Amino acid sequence: MRAIALPGRRAAASWLACIVFAGLPALPAAAQDCRGSEPCIENPRFSATLSDFRVLQTGNKNRPLAATLRLRNKTGAPLTLVYVSGSAAALDDQGTRYTMPNTRTGLRGLGAATRQSFDPRFTLAPGEAGDARIEVTAFVKGIHGTRFDLELALREVEPLPGGQQRLGRETLLRYTGLRDGVAAAPPAAAAANVGAAPGDACQGRPGCVVNGALSAHVERLAPEAVKGNNQGIVVGVVFHNRSAEPMILNYKQDTGVMLDELGQRYTVDSRRRSDVQGIPVSTRERASSQFTLAPGESRRAQFRYTRFVGKTRVGTRFTPSLAVEQYELLPSNQLRLQREYALDFGTLGAGGGGVAAGTAEVQQLLDTLGGLLKR
């Protein structure tokens, strides 16, 4: 991980200067991203839309919650954001507290900041939007909660002369009254990323994500038959470089997670070579330049998500997500981490590209039709 040491002087005041968005002055109507009732918070520098919130089923008393945030830079200069380690927490309506014990498994897209160092991998160009994924968990013995309050803190990274950086303003994000399956449409401005060709944007296509200079879409989702109490779901993804520079990508180990409509969890086991194909797997110790996209180029990769089925029901709709890391090739022929992209493809059905099932109205119609056919 690329880490930058903090200056020796302890800026205690900046650590305490936590800004809650609700206390900020009102923004001009033209500058607002948060226009509806969706979980969205903003200040004059960036907006944060909670586009997806899920309660994950694990088959034991561990209960993870996963949230996807779309962050957009509202300034006229590059903006680097980092997650404040230890700040993510959720509280349900039964009083159970959920936390993130490990940023390696609980954080996607964003770099983390501690009191000793920070990782500035998440930098947005002016007007650009990018996604981050947060996962918190709790050991629940009794009654499961159904409503959740989620909070986390982000810090801005300030540029200094000589290419140095330091941590700047801290902002607390707090979302209340969340329920399993909440989804919010991202602000319209988020799709209009700077430097993007108009035809490259997803434009509402199911299973497609635009995250900064990278776009990716699911072209194939194929459930396998249950075999030996295990089921695999093959997900084919096409990655596209929307920038004017070459892009070196690696799949980040252990980040492939998928839920079905029953809340059952599938994961990508990258220890099996057949479960990740077409793209190298990066770990803390290694990365590869094999998957390099030229400007405007697209390439395919395939991921196999699996779970132990046992006597549980088999789902039919899935929400695949994963993270890829972008690297820079140095003159010394070494690779340096530049950015991490969290990719959440939404809810899809089996087939080429999947079928969106993003609204309760659509699902209600399908269930009604199914009931009529059974009569």
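Q: What should I know about the model and the numbering?
A: The model is predicted, so to speak of local features requires pLDDT of at least 70 and side-chain atom pairs count only at pLDDT 80 or more, while totals for chains, interfaces and linings use all residues. Residues are numbered from 1 along each chain as its sequence is written, and side-chain values use heavy atoms, with hydrogens and water left out.

Q: In which sense do β7 and β8 pair?
A: β7 (residues 89-92) and β8 (residues 97-99) pair in the antiparallel sense over three bridges. Strands are DSSP runs of E, at least two residues, numbered from the N terminus, and two of them pair if DSSP finds at least two bridges between them. A90 stands opposite Y98 in β8.

Q: Which residue in that hairpin takes a positive phi?
A: G95 does, near 85°, and the hairpin has four residues between its strands.

Q: And what about β7 and β14?
A: β7 and β14 (residues 148-160) are antiparallel over four bridges, with F148 in β14 as the bridge partner of D92.

Q: New topic: how many residues has the largest nonpolar core?
A: The largest nonpolar core has 34 residues, and L71, Y83, L110 and L154 have the most contacts inside it. Such a core is a set of buried Ala, Val, Leu, Ile, Met, Phe, Trp, Tyr and Cys residues joined through side-chain atoms within 4.5 Å; buried means under 20% relative accessible area with a 1.4 Å probe, protein chains only.

Q: Which strand gives the most to this core?
A: β4 does, with five residues.

Terms used: Buried means under 20% relative accessible area, exposed over 50%, partly exposed in between (1.4 Å probe, protein chains only).
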